[in-house]
Structure formats: structure tokens, C-alpha cells
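Here's a quick briefing to keep beside you while you turn the model around. Have a look at the sequence and the structure first, then work through the notes.

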Amino acid sequence: MASLKELKGRINSVKSTQKITKAKQMVAAAKLRKAQAAAEAARPYASRLAKVMASLWSKVSGDSAPLLLSGTGEDRRHLMVVANSDKGLAGAFNSNIVRAALSHARRLESEGKSVEFYLIGKKGRAPIKRAFPGQVKNEFDTTEVREPGYGEAERIASELIDMFNAGKFDVAHLYFSTFKSALTQEPTGQQIIPVPTPELDPSVRDSGAVVDYEPDEEAILEELLPRYLKTQIFGALLENNASEQGASMTAMDNATRNAGDLIDDLTIQYNRSRQAAITTELIEIIAGAEAL
Amino acid sequence: MPLHFELVTPAALVRSEDVHMVIVPGVDGEFGVLEGHAPFMSTIRDGNVQIVRTPGATPENIAVRGGFAEVGDGGLNVLAEHVEG
């Protein structure tokens, strides 16, 4: 059995760990509120843009559609854009995203397609490099970024569009975590290039009025496609940020609770050993007195 | 006869109000939007969107970059990537 001194030391070390996890939990809770507000603020723009895109879609015929929309006509080289966080202490948040991306990548490879990776955030780097060595083509460093802004989304989107225009890939998928609640985050994968048709909400269908376009439908669509892509990436970054904070909060809450349980167990063990030591000492004294 | 005007950026809903007229710098030239304008979509060149609250009032300028305007039943929606001022 561990000595009293050792037990005391362990109790103290668990206590200080608990303090750290508790602080991290509270920080995550505060950041989560902020991240949720940011995600909420981005929604009007995204929904309006999607509405405009959807109504333009129906107008532009197949042949004249821009490359970003129609694709290269091939389905051979896939790019996986995986958005992770830069910090851990968020439970299975990062590994869930990576797992979803890797299983999709394996499926694509088994179908004989080539897969490359574009990583956002540094937590996904190690597991993906291990699973697919040499296939991580690009990384976007977010270590300097405290909160994802539209600027980052813009830079990522324009890098992706440049790669696409340079013919580096045919299809791009984006992997991130959708924020459901502080307790549940869902790793999500979606195709971003070629741009998929936005779902038409039946309630916002055209009223049938003739709409004038300036300059014309195709030109507008051509301009809006990159913007739509940026908005999608921006939305994913915001969702990811909220998810990270939510996951972190839950994980740290569990850790704090586990530390509490451990402290209780150790304290009981400590008291028992102390009691045992006292009893032994008493028995020794009594036995000594009786012997006289 | 107010015109419902909304200015939205990816980060926030900047304006949502009823005004008299908005002058938008479209790619093919400026155009003013009053209430009851026909449905219309246009990309915007970087410049000032002028908001006239009441007839004859001095316009308020908002600089936008990377914009797009849509006029529909709900009024005028301006989507802009960046807004200054």
C-alpha cells in the first residue's frame, strides 16, 4: 500500500489538475457563447446568397455554366479539405473529423481514385500524414488566428480555386464538424467543388416575376460562385469553432468530474491508511503496557 | 412609401430598415431603387451605396466591396463581402 505521504501527494496533484480542467471548461463555455453568436450572425448572408444562387441555377443552361459549377468532367482526382482545430483538450472532436475524412478517402482509393489532402488547422496533420504519407499537399496555418474570420475563408477559397483552375484536382470535399449542441457535434463531409446545387426551399420559390439581370445571368453566376464557396468555407469554419468549444466544454466537464471522483477515492484510501496506522500504533502501545 | 433595405455581410446584418431610396453603384452604372421597383439583380462595383432616408435628404454613404444587389418583393437586399463606415 502507498504511504500516507505518497497518497497526500497524489491527492494534491489531482486537485491541481482539476483546477486546470475547471478553468478550461469555463473558458470554453465563454468562447462557445461567442462562437455561437458569430455563427448566428453569418446565417442571413449565407441563406440569402443560397437563395440567389438557387434562382440563378435554374436560368443558366448546362453548356454555358462556369467550370466551378460544371466541374472538369472527370471524377478521378479528389481533394479532401479537412478543417481541424489547433488545440487539443476537446475530447474526440478532432479525431472524429479525421476519422470521417479518412474513411471517405479510403473508399475513394479503393475505387481507384487518387486522393490528396488540404489541411486547415494543425491537429489533423499527424494522423492524416500517418495514414496517407506524402499525400498532404497543402496546409493552411491557423495558429495565428484566434477566431476564424471571413479573411481566412477568402484566402482558403482563393487557394482552392487557384488549385482547381491549375487542374490539380477534379472534386473537392470539405470535412468539418457541425455544431448541434454543446453535447453533440457531428463530423460532416460535403462536396464543395464542383459547387453542388443548393437545396431549393419550396417556400422561397420564384414568385414568377420576370427578373432583370445586369450584366447577365452567366456573368453574375460567375462572380457569385467564388463568393458562394467562400461563404461555405466561412460557415464551416464558424461551425467548427463552435463545435470545438462545445466539445472542449463537455470534455473538460467530464475531466473535472472524474478528478473529483478520484480525489474522493484517494481521500478515503488516505483516511483508511491513516486510521490503520493509528490503530497499529495503539495496539503496539497497549501490548507494550500489558507486557510490563 | 418606404423601401425596405437590407445590407448584409458574411459577419453581420449591417442594416435592415425602411428608407425612401437607395442609389446602388451597379457594374453597368448607378441605379436608384424606390419602392415598387421591378425584380432585378446586379453585381456591384466597389463604391458607395447611398441611402436617402426621406425625399430630399442628404444621402448617407456606405462603402462596399464585393457586392451584389437583389430587388424583389421584399425590397432591396445588398450582399457585400466587406463594408466600411
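In chain A, residues 24 or more positions apart make up 80% of the contacts with a separation of 6 or more, where a contact means that two C-beta atoms, placed from the backbone, lie within 7 Å. For chain B, that share is 44%. Keep in mind that this is a predicted model: local features need pLDDT of at least 70, side-chain atom pairs count only at pLDDT 80 or more, and totals for chains, interfaces and linings use all residues. As for labels, residues are numbered from 1 along each chain as its sequence is written, while chains are lettered from A and ligands numbered from 1 in the order in which they are written.

**Chain A overall**

- Chain A has six helices and six strands; these are DSSP runs numbered from the N terminus, with helices being H or I of at least four residues and strands being E of at least two.
- Going along the sequence, the order in chain A is α-α-β-α-β-α-β-α-β-β-β-α.
- The radius of gyration of chain A is 28 Å, whereas a compact globule of 292 residues would come out near 19 Å. That radius is taken over C-alpha atoms, and the globule rule is 2.2 Å times the number of residues to the power 0.38.
- Along the principal axes, the C-alpha atoms of chain A fill a box of roughly 115 × 40 × 30 Å.
- Of the 292 residues in chain A, 32% are buried. Buried here means 20 or more other C-beta atoms within 10 Å of the residue's own, exposed means 12 or fewer, and partly exposed is in between, with C-beta atoms placed from the backbone.

- A:Lys5 sits in helix α1 of chain A.
- A:Lys5 counts as exposed because it has 8 C-beta neighbours inside 10 Å.
- A:Lys5 and A:Tyr270 are 265 residues apart in sequence, yet their C-alpha atoms are 9.1 Å apart in space.

**Strand β4 of chain A and its partners**

- Strand β4 (residues 171-179) of chain A has eight of its nine residues buried, so the rest of the structure largely encloses it.
- On one pairing, strand β1 (residues 77-83) of chain A runs parallel to β4(A), with five bridges between them; two strands pair if DSSP finds at least two bridges between them.
- A hairpin of five residues links β4(A) to β5(A).
- A:Tyr175 has A:Gly189 in β5(A) as its bridge partner, and A:Phe179 stands opposite A:Gln185 in β5(A).

**Nonpolar core**

- The largest nonpolar core holds 84 residues, and A:Val81, A:Val82 and B:Val22 touch the most other members. Such a core is a set of buried Ala, Val, Leu, Ile, Met, Phe, Trp, Tyr and Cys residues joined through C-beta atoms within 7 Å.
- α6(A) gives the most to this core, with 16 residues.
- Leaving out residues up to four places away in sequence, A:Val82 touches several residues, among them A:Ile97, A:Phe117, A:Leu119 and A:Tyr175.
- In soluble globular proteins, nonpolar side chains tend to be buried together.

**Where chain A meets chain B**

- 22 residues of chain A are in contact with 22 residues of chain B.
- On the chain A side, α1 (4-57), β6 (212-214) and α6 (217-291) each supply at least two residues.
- α1(A) gives the most to that side, with seven residues.
- By class, the chain A side has 15 nonpolar, two polar and five charged residues. Ala, Val, Leu, Ile, Met, Phe, Trp, Tyr, Cys and Pro count as nonpolar, Asp, Glu, Lys and Arg as charged, and the others, Gly among them, as polar.
- β6(A) runs parallel to strand β5 (residues 40-44) of chain B, and three bridges join them.
- A:Tyr213 has B:Met41 in β5(B) as its bridge partner.

**Chain B overall**

- Chain B has zero helices and eight strands.
- The radius of gyration of chain B is 11 Å, close to the 12 Å that the globule rule gives for 85 residues, so chain B is as compact as a globular protein of that length.
- The C-alpha atoms of chain B fill a box of roughly 30 × 25 × 25 Å along the principal axes.
- Of the 85 residues in chain B, 40% count as buried.
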